[in-house]
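Q: I am new to this structure and would like to learn how to read its features one at a time. Could we go through them together, with the general idea before each case?

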Amino acid sequence: MSEFATLLIDGKEYKLPVIVGTEGEKAIDIRKLRQETGHITFDPGFGNTGSCQSAITFMDGEKGILRYRGIPIEQLAEKSTFVETAYLLMNGYLPDRESLTRTSVMLNDFSLLHEDMKFFYQNFPSKAHPMGILSAMVNALRSFYPELIDLDEDVNRTFLRIISKVRTMAAVAYKISRGHATVYPRPDYSYCANFLHMMFDNPVIPYRMDQELVDALNVFWILHADHEQNCSTAAVRVVGSGKVNIYAALSAGISALWGPLHGGANQAVIQMLEGMQQNNLTPAHVIEKARDKTDPFKLMGFGHRVYKTYDPRAKIMKTMCDKVLKKLQINDPLLDVAMELEEAALNDSYFQDKNLYPNVDFYSGIVLRAMGIPTKMFTVMFAIGRLPGWIAQWREDALDPNQKISRPRQVYMGETIRDYIPMDKR
Ligand code: ACO
């Protein structure tokens, strides 16, 4: 039986349908609200607003659950690869052997950049942030590959082209920032191994591929592959809803991800931990600063709009961090600082009362440091991982017959009508 919510405005009752999701989540359908009542809803930051019906990712922030297409993140991190997870997100089901092989072959085929694209890199200032470069380059890809895409293909050429080339673009940006020769991908390497190869191989010191790091990178990218309607994904959907091409929508997502309250937090966490180390700041100092309402400082890598318990990705990331550092016999003092800070924050009443727990970014920087990734590239690493999710969300939006151009309303609080005053009378 259909469920309704009753709304009482000025003594008049309105019945609003309730939509129930497959996991029991309930949403009051207000699509006819303004038309029938003259009222709109007010929800800055959209904390209570469902913007779409989606079958891609399920999160339960109270229980710390994250599933891609129904499969728990813990199982994917343990058993899948990034390429297989990308296929799952984009298509809704796991690939059979043949589709997975075809996907891997196409990722290799698409991995070269058009040589003319290299000129773009040379004209960015040497100190340009790689996220700014990546967002511009992804937008530029449209000019090189303008052909239309068939949204129903399972191994979609355009999607794979983007996933493959963005990885190459990131590695090229790094090499150019160091003034080093760029390294071409190798057909015998997997997606993750090829990234490490393009980042770290050079003509005088060949890179020794370490399977431990390849596995860690697979897990890192699986953990970042989608996270339902977060800031950057919402940006991809909102921009895409104007029927813009996919490259422009993804470029908007990359720009949105850059912010320190979102994907930029992984860089900000490391900078915060380094600052503590250099200035001999104890966890108590930092926590005091984070508690201070007059100080805009936030404990980076803590808190989340949806998770009110430990972020399941952070748990996996922390375990992986321990494992990688031990296996590679790396002693990173920042890990000790991070663990002390985490313990102090989890035992602090401010963080307990507000349900603030570590999020995925708290330990991810330490894993990236172990791989040799420079801090400036951390958010780019997040962006590469998030591509399959953005693409899946863009595609879902493009295929949804109920989806309209995104156009929120506002409550106007400015001046009411008044006359223009000529210059000599002001
Ligand atoms: N340090 C100190 N106080 C915090 C923190 C933090 N990290 N996070 C939230 N709070 C406080 C807020 O000041 C607020 O206090 P109030 O109720 O007294 O005003 C309360 O906790 C609730 O937080 P909001 O800011 O309302 O929560 P919101 O959902 O809007 O923000 C966000 C979530 C942006 C992630 C926030 O927790 C934050 O800034 N964290 C630090 C940055 C970070 O790690 N971002 C990465 C998030 S994960 C990702 O995007 C990949």
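A: Let us begin with a definition: helices (H or I, at least four residues) and strands (E, at least two) are DSSP runs, numbered from the N terminus. This is a predicted model, in which local features need pLDDT of at least 70 and side-chain atom pairs count only at pLDDT 80 or more, while totals for chains, interfaces and linings use all residues. Residues are numbered from 1 along each chain as its sequence is written, and side-chain values use heavy atoms, with hydrogens and water left out.

Q: In which helix is His-224 found, and is His-224 buried or exposed?

A: Buried means under 20% relative accessible area, exposed over 50%, and partly exposed in between (1.4 Å probe, protein chains only). His-224 is found in helix 9, residues 211-224, and His-224 counts as buried because its relative accessibility is 0%. With contact taken as heavy atoms within 4.5 Å, and leaving aside neighbours within four places in sequence, the residues that His-224 touches include Tyr-68, Met-317, Asp-361 and Arg-386.

Q: How are the domains of the protein chain assigned, and how do domain 1 and domain 2 meet?

A: Domain bounds come from an automatic or database domain assignment, which here gives domain 1 (4-60), domain 2 (81-259 + 375-399) and domain 3 (265-371). The C-alpha centres of domain 1 and domain 2 lie 35 Å apart, and 8 residues of domain 1 are in contact with 9 residues of domain 2. Buried area is the accessible area (1.4 Å probe) that two parts lose on being put together, summed over both; for domain 1 and domain 2 this comes to about 700 Å², 60% of it on carbon and sulfur atoms. On the domain 1 side, Ile-56, Thr-57 and Met-59 lose the most area to domain 2, together 68% of what that side buries.

Q: Which residues touch the most other members of the largest nonpolar core?

A: A nonpolar core is a set of buried Ala, Val, Leu, Ile, Met, Phe, Trp, Tyr and Cys residues joined through side-chain atoms within 4.5 Å. The largest one has 118 residues, of which Met-169, Phe-195, Trp-221, Leu-273 and Ile-373 touch the most other members. This core draws at least three residues from each of domain 2 and domain 3. Not counting residues up to four places away in sequence, Ile-373 touches Phe-195, Met-199, Phe-200, Leu-368, Phe-378 and Met-381.
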